[in-house]
Amino acid sequence: MKRIITGLFIVLLAQVFWPPGMARAQSGLEVVAVPAFDGNYQPGAWLPIHVYLKNTGAARAVSVAVQLPNASFRNVHPVDLPAGAEKRIVLYGAMEQEVRSVRLTVEADGAVLVANELPVRPRINERLLGIVASADLRLSLPRRQDMAGEPFTVVRLPATDLPDRMAGLSSLGFLLLADVPTAELSPAQRQALLGWVSAGGHLIIGGGPTAARTLAGLPPQLQPATPGGAARVPDAPLASLAGASGPGALPGIRLTPAPTARAAPEGDPPAWVQQTVGVGMVTQLAFDPGTPVLVAWEGAPRFWDQLLRSFIQTSTPFGPEPGVDGYQENILAGALTATPTISLPPTQVIFALLAVYAILAGPGLALALKRFDAQAMMWLAVPALALLTGVVVFGMALALRADQRVIHQISLVEVIGEGQARARTLTGVLAPQEQTFIADRDPGALVRPLRAAAGQYGEVDGVKGDLAQESPTLSFPVAPWRIQRVLAEQQLAFPGVSARISIQNERLVIEMENRSDRTLHEVVAAYGEYVLRLGRLDPGARVIQVWPDTPPADVRRGETLSYLVLREELEAGRGPGQAPDRATLVREALVSAALSRGIISDEGPVVLAWLERSPLQVAVRAPGAARREMTLLVLRPVFTGSGAVSVPPGWLRPAFITGEQAPCAGIEGRGVAVVGDPFTLALRLPPGMGPLRAEALTLTFESTGRWPNAGVATLLYDWERRRWVEQDFDGPGTLRVADPAPYLREGQLLARFEGRIGEARCVYVDATLRGVMP
Amino acid sequence: MRRWDLSIPVLFKEFRVFMRGSRAALMLALYVGLATIAARLLTGAVVEQLDRGAPLLSAQIGQVLFMGLSLTLQTLTVFLSPAVTLNAISREYERGTFEMLLLTPVPPLQFVIGKLATGLAFLLLLQLAAAPVFGLVALFGGVTALDLARVAAVLFATMVTGCIFGLFCSALTRSTYGAALLCYALLITLIGGSLFAASVWSLINAMRAPPPAFVALNPLSAMGSALVTAQPPVVSLAGGLRPLALLIPLTRGVANLGDLSDAVPLYRATAVLYAGVSLLLLWATLHLALPRRRWRLTTVDAALALLLLGGLVLAYGFRGWWMAGLGFAPGGA
């Protein structure tokens, strides 16, 4: 009994002095591993693990590996450890499963030197909020038990611990910076922040007197407003969002929204300003989020619950996640099944040989033997000739046989600003035998397998084995006849390519400039139902094209841009008895992945271009294999013009992103479903045109159902007077709005229909707008 | 004893005669040329579509070629096999030389067997001559030696039966024109009629797969079933079964191309049935070839009866193997 008690005591002591995450020196190696965000992570995202290594033994090269239970791959970081060296590395674990622990090992020469289980916490369908604040910032977030879903999990981290890769932030859905000297952040940390937001993160910047300090070091895209002097911020927007009485005016600052940003709907000065960046969002608060009045306000939990929401959220096998990465990767993974055409062996020589043989074996031999009156020798001559030809043909066939391996690489490059781009490259490999491939890649790229997915032509699996980080090469085994794929992602420098929309002679023009050393092929600008083909842009070239003032007549409303961009190629393969060209299908998938969000969203005009080579290469070493590489560059043009402008029809279009109105499909394409009485219709200009002051506005309403000939009142919302104004309109048809300026604010127009409008069922609206950009 | 003497000089004479004239040379050129043209057309058609639709692997192109070539050769064999013996007996009657032949020491059995052996040898020569075309398949791969052996066996069974059938028609009608008419009318009826009957059965039975017995005697269906098992590699691409689409019209009730696990080896049943039919036709031909006292039983009949009996015993012993082709027993490889 005494021995048992002693043993238990020793075990207890070991637990106290040797906590999880720390491995004692073994073979002269000391290892401490700490997962970021206290181990909280979003399944499907990356989790940085900070690893401290101290080598008290001889110099050695080790591999630090992290593996999820039962996973078929490991993320591995090779490290050189001279004698007496101390190193800190960040190992990124691809959290492709919902697990509560990961196994971290340090290995050398195939032997495990140190092994450790690190506890982690999956946060499925939760809002993981990171807080970086110089003081102990307290927020009155809703309690987990008070919420029906999407509870908050808060992790606090010092500014120095902010990851310097966007992938390192991918587990976070929200990040609050309050009173943080962002100027002290490293350039890599700033770029990581920009990349993370553009990929779907929601950055909240605290206001109050320290707002300027917090904003100072952030990239311009992450600064939705310019901070001004101190001001009392009205609580109306807070009260409106919380659905409760407000906390009273808050001490804060005056915010001046950037042209692309939108201020909080009520109150002056605005309580916050929001700006979308890619598929993410930045919210600049005018007030300090830790203001005691706000913390004490009973409506605060509801307020934060409503404010801290993702701009776009898509569903994944693990549940909803901010951004569209999972959705995009699913589309792209499916496209990998449209494999490139296999390498074909030369057949002409063999066919020529067979043609000669056919003549020889028949009339040739017969005529030759007839000369000697020995036709009966045909019984021997023909088999002999057949045997000889057969040996030659089989021999040639075996010698000329083509490589049956197929390498398929598709890459999506999204320009996020500041000369930066986010590149994701999916590489699919198909081989007839089990073999290990080696690929050259940028050491900075993070590589992970993708979940098994189905495409139009079959299924693809993720690769297995050790996937190295910070290494110039990557090796992975491939099973026979299975397309196996690997995803590399990286935020990288991509300077020199820019697009802007400006105003010339009251018309919108798009201007594209290529100062990079790459040729941009088949450049198109697209928005709504418009597709402008800008052609090829060589390095140093610039192109300007006026945006058409009428949409194409044969295009239905709401037609997908991927179809419109590749319309001719797709139509060519959809005739009776024809199959689509697989390369076109891959292009369609790339465009679709770049633009579709799983929901109807409207991020404004976009420019697409095809690159010959991806800036993020995963060059698989397989000479002779059939290859196809396709890279799509995506960038959003910025608005820079001022002056009078005629906005093309279709630019002021129904907004679905808020979820307040639902789409419907009719003979003319996508409309807005008439739901409820009154029925409110929201129209929006693309981001960047918010400051437009309307001078002339014509709205045309059509419907799939019969528009009631009586009993329908049409109203427009007057933003200045903050009230609905009834219009003299006997629909359907055209409504010319007199003095339209008050009805359009920050690019948004609200129309309301009261009465029997439900009979119209699905409403189509076209707007012709003329105005002045300040 | 001379009646049973299958002496080689008779065969040698037949072999020498067969190669005289241009017919044999033309048939050789036609056979090999058509096989080459079929291979070229198939390759062209496949290559033209390689960029479109479901991806094809090299092995699958090999299978398309293999299946297309095999079906082409089988079709040619079906129609050429009777053709090489169609005039064997009728020509002697038409020339009035048959009575003279009976006066020679060559017995009718030796005469008939000689004609049959010559025809078969020529058909084998055709197959051998066409073999180099299959070298193209090696360029793409996807076919095993077992697949080749299976196809060769079906071709051989078709050749033997076709030759005997041609002889039978020749002996029955004693006119080359009549024999050709009868032979090809029956052949077309057998091939088209069996597929049509299978389709009708399917139509009136809620589109269920018809019993394989409908197409058991159809030589093209037999070849189709022999090719079904030449499966593409198990790939993660949906286009894997695409080459088998070539066989859809021929394998009604034999193979469900969506799920090949229940495909029946019809060719086994066809081979056994062909063996039985061939023996019966040979027996009838031996009697029909005689100008008089045709149906008098001889020791040849006894020998053939014994052969048939032996065949029946073997068929019974291996009933599980070949009746699987009719869907009566679980199949095997």
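View 1. With 22 other C-beta atoms within 10 Å, A:Tyr764 counts as buried, because the cut-off for a buried residue is 20 or more. Leaving aside residues up to four places away in sequence, A:Tyr764 touches A:Arg557, A:Glu668, A:Gly671, A:Glu702 and A:Ser703. If you look for A:Leu520 as well, its C-alpha atom is separated from that of A:Tyr764 by 36 Å, and the two residues are 244 apart along the chain.

**View 2. Helix 2 and helix 6 of chain B where they cross.** Helix 2 (residues 23-48) and helix 6 (residues 108-130) of chain B have axes that come within 9 Å and cross at roughly 40 degrees. The two helices of chain B are therefore oblique to each other, and their crossing is right-handed. On the helix 2 side you will find B:Ala24, B:Met27, B:Leu28, B:Tyr31, B:Val32 and B:Ala35, which meet B:Phe122, B:Leu126, B:Ala129 and B:Ala130 of helix 6. The residues of this contact comprise 10 nonpolar, no polar and no charged ones.

**View 3. Residues 11-22 of chain A, a stretch with pLDDT below 50.** Chain A averages a pLDDT of 88, and 96% of its residues score at least 70. Over residues 11-22 of chain A, however, the pLDDT is below 50, and the stretch has 10 contacts in the model beyond near neighbours in sequence. A friendly caution applies here: where pLDDT is low, the predicted coordinates should not be read in detail.

Key:
Residues are numbered from 1 along each chain as its sequence is written. Chains are lettered from A and ligands numbered from 1 in the order in which they are written. This is a predicted model: local features need pLDDT of at least 70, side-chain atom pairs count only at pLDDT 80 or more; totals for chains, interfaces and linings use all residues. A residue is buried if 20 or more other C-beta atoms lie within 10 Å of its own, exposed if 12 or fewer, and partly exposed in between; C-beta atoms are placed from the backbone. Two residues are in contact if their C-beta atoms, placed from the backbone, lie within 7 Å. pLDDT is the predictor's confidence in each residue, from 0 to 100. Axes are lines fitted to C-alpha atoms, for helices over the stretch in contact, and angles run from 0 to 180 degrees between N-to-C directions. Helices (H or I, at least four residues) and strands (E, at least two) are DSSP runs, numbered from the N terminus. Angles under 35 degrees count as roughly parallel, over 145 as roughly antiparallel, 65 to 115 as roughly perpendicular and the rest as oblique. A crossing is left-handed if the near helix is turned anticlockwise from the far one by less than a right angle, and right-handed if clockwise. Ala, Val, Leu, Ile, Met, Phe, Trp, Tyr, Cys and Pro count as nonpolar, Asp, Glu, Lys and Arg as charged, and the others, Gly among them, as polar.
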